[in-house]
Structures are given as C-alpha cells and as structure tokens.
Amino acid sequence: MHMKSREAAIVAAGCSGPLAISPHLSYKEMTFEAARRAYSQVSIDPRKDVDSFIACEEDLVEGTSITDEYAPDQMGGAQRSVCTVTQDGINALAQAYMQIVAGIAQIAVIESHVKMSNVRNKELLYNMAMDPYIEREFLGDGLPLAALEMRRYMHAYSVSEEDIALVAVKNKGNGLTNPRATFAGAYTTDEAMNSKEIWSPLRSVYVSKPADGAVVLVLAGRDRARQLTDSPVWIEGVGWFSDTSYIALRDLEVANYARGAARMAYRMAGIENPAKWAQFAEVDDTLAHKELQHLEALGIFEPGEAAEVTKKGETARNGSFPVNLSGGSLAEGDLGDTGALLRTLEAFEIIRGGRFERGIVQSWRGLPSASGSVMVLGE
Amino acid sequence: MRRVAVVGAGMTLFRHRMLETGKEMAFEASRQALDSAGLERKDVDSVVLGSAPDAFDGVHMKGEYLTDGAGAFNKPYTRVYVGGGTGVFIPIAAWWQVASGMADIVLAVGEEKMSPLQPHPQYAFWSIFDHTLERPLGVTLLWIFALEMRRYMHAYSVSEEDIALVAVKNKGNAMDHPAAQLPARITVEDVLKSEPICWPVKRLDVSPTSDGAAAVILASEDVARKITDDPVWITGVGWNVDTTYWTNRELAYPEYLEKAARMAYKMAGVENPRREIDVAEVYDPFDYKELHHMEGLLLAGKGEAPKLTKEGVTGKDGDLPVNPSGGLLGVGNPIAAAGMMKVAEIFWQLRGEAGRRQVKKPAKRGLAQAWGDLMQVGTVVVMER
C-alpha cells in the first residue's frame, strides 16, 4: 500500500429518506433529490464539474437486469464517466478516492439508493444470495444464519442476550433526536427481550427494518476540495475486504471482513491505536449483535469486550466513545448497500457539526455476505 | 500517477453450455493468468471482478458468490458493472487501483455463465427495459439492435452485404483461436441467407450466448519489471455512459463511445488513432457493431468503416487489423468475459504471442473496447509495448 491519505475529502452529502415506504417517489426521484441537495451545498453543476460518477446497486434489489444502465440521468451523469460498483457505498467511495489519486478525476460523485418497499418477496431475494448448490436449501432468508452467528458470538465470549438487547435499546434511543430515524423508539431492555422471537436467540427488535432512501456524496481532490468548501472532511484511510463466500468455512464469532478492511484503512491512515485516535464511530448494526462484533473487529475494543463496554454506557450518546449517535440502521432502517453511505453522511455531519474531529465508519453488505468496508474520516 | 502494466492473461473455453460452475470458470481463468505471470494467489493485493446480469445465474449478489472462484477471499475485492461494457471496464478499475498506489498486483477477472437461465438467456434481457414504458411492449434486445442497425445502414447507405463481411472476417479469424465457440469459414451469401431474427439482423449477424471466463493481471511498473521482461503498458483508459433514454438518441453514431475514446487517447497521447493504433479489438456482438464502433473510436470516418472492411484494411494482414481474435462473433460472447478476452488478445498480440492469429503488421500499440447497457456505454483501454 503506497496510497497517501488526505488526498481527497467529502465536501457535500445529500440524502432522500430514509422512509419505511415511499409510494410518492420513484427511485429516480429519490436519487435526484439527494443529488440536488448535495450539489447545492458546493454549487457544482454535475454536467460540467463532475469527472466521475459511481453508483452502488444490485440487479435483484432493483428488479432490473443490468440496472447500472438506469444510473446516469437522475444524478446528471449522462454522457459522462459513470460506472456501478455492486458493493457497499464505502467500497464505491474508495474507488472514487483512487480515481482522484490516480489523476483521472478531480470531483467524483458516489450515489446509492434502495427501495426495499418495492421488493415483494424479501425472503426469496435473500435466499437467492445463497450458494444454489449447498446453502440455499437450508438457510431460508438468511435470518437462520444471523441467529446461528449471534448464538456463536454469545457462546464464544460469554455474552448474554441482555447485552445484545442493550445495543438495540441504545441505538433506537439515539434515533429519537434524529429526524431521519424512522424506526427510533424508547425501548426498555425487557421490551426488547420480549419482542417476537424470529429464530432463537434472534428477536425482531434486534433486526433493523427494511427502508427506502438515496444518498449522494461529493468527493473532491485536495486542492479542489479547499476551493469548494471551508470545511472538507478528509479521507484519512479506507479499506475493503471479503471473507469466503462459503458460510460453513467462516468463523462465525468474528467479523473477519471488518478486521481486514480496518487493517487496510488504518495502514493508510497511519493509525496504530484506533480507540485512541478516533472519537466516535458509525458502524453497521443491521443486526444488534453485529455492532459488538464490528467494534471488536475494528480493534476499538478487545474481542468479547464490546458488550461490557456497552453495558457501562461508554458507547452511549454521552459515553467516552459514542457509537451510532445517529441511531444506526436499527433506528434509520436497513438500506442495504446504501446504508454504508448513510453511515458516512452521518459521520460527515457529526464532524462538520463540530462535536468531534475524527471518526471511523464501517459497513457490512448484509446477509449472507462476508464483505465490508471501513473508512477513517478526519477534520 | 504510477505506470501500470499487464503481465499475465488467461481464459477458459467459450462454449454455449459449460459443465463448470461460475466459480470454477473464474478459478480456471484466474489460475491460468497467475501461472502465465509466475504468480500465486498470495502475491495478489486486490481482486476486481466483473459479471453481467445476476439473472443469468439466478444468484443475488453474484459478486459475493464468485469471491472464492476468483481467488478473492481474504482480500480486498470489488465487483464493477457497466453492462456489456464490463469486460473492458474491469481492467480500468484494476488500473486505478494500481495507478493510485493502493495495490501493486491486481487480478482482474471477467466471468459469465449465461446457460443456467431457461429456456434461453435472452429472457434476462427482458428485464433490462424500463418497467413502465418499455417492458409492456415485450421488447427484446434484438429488436432495439435491429433498429440501430437499420438506422446505421440508412444514415450511411451501408448494405447488408457490407455488414456481412464483418461476420465472414471474424468467424474466419476465430478458426485460429483455441477457445473459440463458433469459428467458421462462411461466405457473405451464407450470412444473407441465414434465418432472419429481427430484420435486418439475421442469425449469422449475431454472436452466440456463451459461458466463459477470462482474466488478466495488472502490476505497478517496478513489480511488473520483476515479473516479466515484456510488460504491456496500459497507457489510456476511458469510459462514458449516455442517457438511459435510448429513444432520444441519434442511433447512427455512438457519441458516448467517441467521448470514452477521446478520454483514453488524451491520456495515451494518441492524436490520430487511425494512424497510431496498430491493432484493435472492437466490440462485435453484432457484425454492424464492429463498423459502428470503429467510427465511434475514430478509427474510421462516419460511414467509412464498411469501405475499410471491404478493402481488407481490417483483415488480419491489413493495415488496421480489427478483431484478429475472431471477436464475439467467432470466439463467443460470455459478456464480461468477452470484453476481457479482448484485453487478453491485445496483450498477446503486442507480445507476439498470438500464434496463428498474430497480425502481420508490427504491433506496438493496441486498443480494446466494449459496449453495452441500453446501447449507451463505451469502455476503452489503450495498451502499448
């Protein structure tokens, strides 16, 4: 890795939604709305000023084959360099960063949208992501896998269900002050632990709910970023990583993909102790136990330590290391690969708002994948 | 910007129905590419994969599914996607990973397994159309390409015979390709008499549906020089996507491709592509597309590509050999793998390793191009020895 950090910065971020349902908006309208909001923050004309557009989307979620062909118009990218990355939004952002460092773009736009309310049969969708020869028969919509993983994590590190319920309670509570948090709520641990059991030990409150939304970020090279805004948020490091796609070969108690992505991002940023360096984190919590697993994989806490730290309130809003101040996916909804950009947008706004100067953002592609990304942001 | 070279390439057979799974095909192509460069999986810093519609395989998040086959597990891994243009876009994405300094060695893999979709892979293409305006018409890809072919013929007074010459040339060239699916010695008359599918498109104007995979390895300059004495440099990359609304476009000329080509030429310092490109692998899923694309690539003036073809300029021994591999018409069209096959072919041509397919003209600079989506994307790579 010879790639330098702080060669590009996020200079603007816009979003539409998230919403539980959005019958009043097409995906194109949502993307257009998010793009307009982002572009207006830095007064750029996408048709002239943007060198590269990267969209994040998956065919079967969109219900369209070769869905990348529908990417350009609503973000102003027609007859310009547009491509699609079928990974999470941070992976796409990393590609844009590399384009800027390689010298083929000065301003790049990263877009992702999702309308989960359009997916009639979500169970079948997730089932189709399983290996068709071995796994599809047994793992349904992926939630049995989530339950297996949660159980394995609890067993390996002697974590109780209550510890995991606390994550859901914290994040849904954090969402109460976030206007984007459709699924926020003032839950008690008892309420969480008495919510509907899906597959033991997984309960409905531990699982984030599908949502609709679009996020657009504008990334600019070092000099251009300073021209566009007085408060760029710099990319200190970025990493992305995949574990094996064979579920049976994975160590279910650890998030190897997050560990690999973090290692890569920290190396780029020159970070040796992420817990000391960063002041907050927005991490993937599409399943409540995942927040704990991800915090450990990120090296912010030792393996098995995250539950205890959460119980002590250190990851709470006023704790020593707040995690998912936005409320995360548990409060904002599960936006699939778009969620990575929403986590990034939240971190961008936290840094811009002046509360913190340095943060870590982490994403996971969701069930049944073992791929994810990490980004380190600094003022 | 760091210099980036191609140091190895490999591909599977292209066939209508391969018994291997998608993972196995990706493995075979990747293994060949690694072997050709004397590398192992542990040497690879990052993997970039491309594959077109998930509907072919019936696997959601197909990129994740293919991770293991492409040697990408426990590595940074990205799947990129620009429809039919994906094959040439994969090495573009791999290029920026190396050029930026993120990676020293990137494995770029194109995989496509079209045969699982029953009763025919064409059914995946019904769902590429706009769900509100176009799908209710029951439109197929062949219909819209027939419209484009007809428009091209009309705009430049090009005959069906002129276009058929491309199929004759490419299927003939493929006779020398060991992985080819549909090599053949055919005549213009054979093409003209073949079954009309959607006039003016006839059976022999079209490439087949295929299964296959291809891979190349990219390396930074210092690493490439340790791997081989004969690196092939990627000196220009370009890509461009037009509006989704294809009905609002002038179909006779691919403006988006010209823009992609100009981006790549500017980077490579090419001012007169007709004179400065020695060999080209131009995307030819239909025979008229080779002509259409030659013009968009500025390798021929508007409406002039048929004349160059008729005069033998684009033949294997001509002044501007086009598709010496046999192209998609002869080698086959496993979409993302087909574009990657073109990049591999230019690698082999520039190294003088193309065997009986080797072009007569000394080849120092070559070009690979792909096209796709709703007739809207152009991807271009310029390579030099």
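**Entry 1: strand β2 of chain B**

I began with β2(B), which pairs with strand β4 (residues 105-113) of chain B in the parallel sense over five bridges; strands are DSSP runs of E, at least two residues, numbered from the N terminus, and two strands pair if DSSP finds at least two bridges between them. This is a predicted model, where local features need pLDDT of at least 70, side-chain atom pairs count only at pLDDT 80 or more, and totals for chains, interfaces and linings use all residues. Residues are numbered from 1 along each chain as its sequence is written, while chains are lettered from A and ligands numbered from 1 in the order in which they are written.

I looked up partners next: Leu49(B) has Val109(B) as its bridge partner in β4(B). Four bridges join β2(B) to strand β3 (residues 77-81) of chain B, also running parallel, and there Gly50(B) stands opposite Val80(B).

Is β2(B) buried or exposed? I found five of its five residues (46-50) buried, so the strand is largely enclosed by the rest of the structure. Buried means 20 or more other C-beta atoms within 10 Å of the residue's own, with C-beta atoms placed from the backbone. Ser46(B), Val48(B) and Gly50(B) cover one side, Val47(B) and Leu49(B) the other.

**Entry 2: Ser16 of chain A**

I then visited Ser16(A), in strand β1 (residues 8-19) of chain A. Ser16(A) counts as buried because it has 23 C-beta neighbours inside 10 Å. I noted that its C-alpha atom is 5.5 Å from that of Met30(A), 14 residues apart along the chain.

Notes
A residue is buried if 20 or more other C-beta atoms lie within 10 Å of its own, exposed if 12 or fewer, and partly exposed in between; C-beta atoms are placed from the backbone.
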